[in-house]
Amino acid sequence: MKILFAGAGAMGARFGWMLSQSGNEVVFADNWKEHVDAINEQGLKIIVDKKDLGNYKIKATSPKAVEGSFDVIFVFTKAMQLDQMMQDILHVIHPKTRIICLLNGLGNVEVIEKYIPKSQIFLGVTVWSSGLGGPGVVDATGSGAIELQQMDKTDDPFNADMLDTFNRAGLGAVYSDDVLQSVWHKVGLNCVLNSYCTLIDCNIAQFGDYKDSEVLVDYVVDEVVAVGHAEGVNVLKDVIVSKIHAVYDPTKAGLHYPSLYQDMAKHRLTEIDYLNGAIARLGKKHGISTPACDLITHMIHAKESVVGAK
Ligand code: NAD
């Protein structure tokens, strides 16, 4: 299959490498010039679980310069970069191109559907993770899985072929009948851990060790659940809370600093407007008060301003 990665940062580059290794024609389209140049000059370096797996030649270019047409496009920008990326790659999307969106946060489908019909959009959620060790270097750990759902279901046999292709690459993809529920459960977890760890300046285990962490969890999760229900999504508080508790363990993700923390540490803008900020915005739409998410969103923006994030 011909697969474009529109955004080839930590996640895009890791998935792109996996899909190219299983025989697909993969192209990276990315606006970070140093990263694109490093991939073209030295190949993409892959480090998984601290093991250097070598450098791999995968074509990389800027989004506006990408040529051809693609069967599948993974959008893998940060949420605030998605709209611009869609505009930059519109010229390589044809009526059969599937767009896969595994970005964290809320509102991403609404951005993509401004440009293409919902039947071409597959929304998903993933427990894969990845990082970058500088331009041209993927530094990742562990393995994962993907849950995906076509936003307007069609019976095109291509859809099953596409999932097979992902699974031959080891991505562990399954079709979901209620991906929005899974998206909201992940949003609930991220609204708690990404935001609090950044504001408190701690890792996940340290947050869990705080004697009253459950009070902080409840403030946010209760708002996520109320707003999710108003949006017609069957969001379950128990599921979000048990996912949060499951990652406190230092032998699992406990020693990890969430991605929003890492973006702030690198003075990059964060995805807060698509997490707690989205809950606050949707809460207003439904007349639901969300004081915790309002306050957290302002505090993260204030911190972005203090560190000069861009
Ligand atoms: P990323 O920040 O690594 O990459 C996103 C874009 O930013 C890419 O275009 C990348 O080239 C660019 N970029 C990265 N570092 C840069 C730098 N120093 N200077 C200039 N540009 C830079 O993002 P990601 O981690 O791949 O995440 C993509 C989406 O997937 C997000 O919505 C994220 O929340 C979600 N996600 C991430 C993970 C993870 O473990 N990284 C896991 C699940 C979901």
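Start at the second largest pocket of this predicted model, which has a volume of about 420 Å³. Select Leu 106, Gly 107, Glu 110, Leu 180 and Glu 231: of the 20 residues that line this pocket, these are the closest to its centre. Now colour helix 4 (108–112), helix 6 (179–200) and helix 11 (276–286), the elements that give two or more residues each to the lining. By residue type, the lining of the second largest pocket splits into twelve nonpolar, three polar and five charged.

Where does the second largest pocket lie relative to domain 1 (2–177) and domain 2 (180–307)? Colour by domain to check: both give residues to the lining, so the pocket lies between them.

Next, click on the ligand. Show the 18 residues that surround the ligand; the closest are Ala 10, Met 11, Asp 30, Arg 268 and Glu 271.

- Glu 271: a polar side-chain atom sits 2.6 Å from an oxygen atom of the ligand.
- Asn 104: an N or O atom of the side chain is 2.9 Å from a ligand oxygen atom.
- Ser 130: here a backbone N or O atom lies 3.0 Å from an oxygen atom of the ligand.

Switch to a surface view: on its own the ligand has 800 Å² of accessible area, and the protein covers 83% of that. The shell around the ligand contains seven nonpolar, six polar and five charged residues. Keep the domain colours on, since domain 1 (2–177) and domain 2 (180–307) each supply at least three residues of this shell.

Now go inside. A search of the whole structure turns up two cavities of 30 Å³ or more. For the largest cavity, with a volume of about 60 Å³, select Leu 102, Leu 103, Asn 104, Gly 105, Gly 124, Val 125, Thr 126, Val 183, Lys 186, Val 187 and Asn 190. Strand 8 (121–126) and helix 6 are the elements that give two or more residues to this lining, and the largest share, four residues, comes from helix 6. Five nonpolar, five polar and one charged residue make up the lining of the largest cavity.

Last stop: the second largest cavity, which holds about 30 Å³ of space. Its lining is Asn 104, Asn 190, Asn 194, Ser 259, Leu 260, Asp 263, Glu 271 and Leu 275. Which element gives the most to the lining of the second largest cavity? Highlight helix 10 (259–265): helix 10 gives three residues, the most. The lining here divides into two nonpolar, four polar and two charged residues.

Technical notes
Residues numbered from 1 in each chain as written. Predicted model: local features only at pLDDT ≥ 70, side-chain atom pairs only at ≥ 80, totals over all residues. Heavy atoms only, no water. 1 Å grid on protein atoms, 1.4 Å probe; cavity = no way out; pocket = protein on both sides within 12 Å on 5 of 7 lines; lining within 4 Å. Points joined across faces, edges and corners; volume = space filled by probe spheres on them. Nonpolar A, V, L, I, M, F, W, Y, C, P; charged D, E, K, R; others polar. Domains from an automatic or database assignment. Near = heavy atom within 4 Å. Polar contact = N/O pair within 3.5 Å; in protein donor to acceptor, adjacent residues only side chain to side chain. Areas by Shrake-Rupley, 256 points an atom, 1.4 Å probe, with all protein chains shown as cover.
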